[in-house]
Amino acid sequence: MTLNADANGRWIDPGRVESAIQQLSQYGDHGETGVARLVYSPEWVAAQDQVAAWMEESGLRVERDTVGNVWGYLDGRDREQPIVATGSHIDSQNPGGRFDGALGVVAGILAVGALRERQGQPRQTIGVVSLVEEEASRFPTANFWGSRAIVGRITPEEPKRLRGYDGVTMAEAMRDAGLDPARVEEARRDDVETFVELHIEQGPYLEREDVPVGIVERITGYRQYLVTLEGSANHAGTTPMDLRRDPMAGAAEIISGVINTAHRMGRPCVTTVGRVIVSPNERAVIPRQVTFTVDARSPDPAQRELLLARHEALIDEVARRRDLTVTFRIDSDRPPVACDPDVVAAITAAAAEAGVPALPMTSGAVHDTMQLAEIAKIAMIFVRSRGGISHNPDEFTSADDAAAGTEVLARTLHALAYRS
Ligand SMILES: [Zn+2]
């Protein structure tokens, strides 16, 4: 126990977490409780400036890297050692809620500020990072832009090639925010030993279990397909059913089939078809082409492989039987990531020390932490989401739950960076 702990023994004040979230949500505020803060927009730049100001007020040394990630450091005694880092993203869905990503940044600053006040200088430097663009809400395939830059996974031509929903290229957007797109590679680093991200759960598990905090042991793997079926467009009244090459009939069979497959295989498998494009999209015409997305996930490597194999076999079988031309493109593909057992153990011990009830769980959402897994030992702390709702202005986490998670984060960072 520390000597100067507050009356309730906690290091983190729920009121401070709440007011920081409230203040940050004013940048790009949308309706009553929503946020639309797209990467490199003026609102986003102002929010990143606010984050940098808070870091300075908390006594951290602030640096900005060449993609716009803001880093705040509590320097350790041993500057030769790699750093222990935490953080998340401040861009949002369009619109999203106030907690997704933002809470991880606020929690990191408050946790490290509390450590500085209560514990003094750590042995290893602790870094808090406010990451650029996790959501891909402005640029369709730019997910994890900031964390990808850190691990060196942005190709030099990408900033020019990526074009946003508003028609602006990533390179132009970066220049608008005062950054030089030719220097993205300089954001790469190899000195992060451990990365712990705090994030809202974005699902119903913790609420159902009536526990405020989750300790993530695995992050799901996923594959996203774009499937295109082509047949022949024709008159809806004069073409007999047995003479049709109807891609809608094939799509209906495949869509219901992949969803049922995930259902039959059971939790934690999930498959979603979220987008369908029909051409022509007319009442009295058999369509010529139907294109749809398939997003399939499981945190278990073997189960994910089986799920994907079943989906691909079904797509082929239906297309062949219905005499349709099929193409499928894999848009993104990531195997599941296991969190580091030692970091998971440190979080578990920190929750016990703080008296915060916590349960082990898997993450069905993907996060920046998955990228960081390429260079660092990783783990995540989840906090309860009311109603399991996220990517929506109704997203809510209570100040007590947010502070409980932040408390666990602070004590985890303490265990990792102050040990001698
Ligand atoms: Zn997020």
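Helix axes are lines fitted to C-alpha atoms over the stretch in contact, and angles run from 0 to 180 degrees between N-to-C directions. The structure is a predicted model, in which local features need pLDDT of at least 70 and side-chain atom pairs count only at pLDDT 80 or more, while totals for chains, interfaces and linings use all residues. Residues are numbered from 1 along each chain as its sequence is written, and side-chain values use heavy atoms, with hydrogens and water left out.

The protein chain has an average pLDDT (the predictor's confidence in each residue, from 0 to 100) of 96, and 98% of the residues score at least 70. Over residues 1–5 pLDDT stays under 50, and the model has 7 contacts (heavy atoms within 4.5 Å) for them beyond four places in sequence. Where pLDDT is low, the predicted coordinates should not be read in detail.

Helices (H or I, at least four residues) and strands (E, at least two) are DSSP runs numbered from the N terminus. Helix 10 (residues 341–354) packs against helix 12 (residues 399–417) at about 125°, the axes lying 8 Å apart.

Elsewhere, H89 (NE2), D100 (OD) and H199 (NE2) coordinate the zinc ion at 2.0 to 2.2 Å. Donors are N, O and S atoms within 2.8 Å of the metal (3.2 Å for Na, K and Ca); water is not among the atoms, so sites may look incomplete. D100, in the loop between strand 5 (83–89) and helix 3 (102–119), and H199, in strand 7 (residues 192–200), are 99 residues apart.
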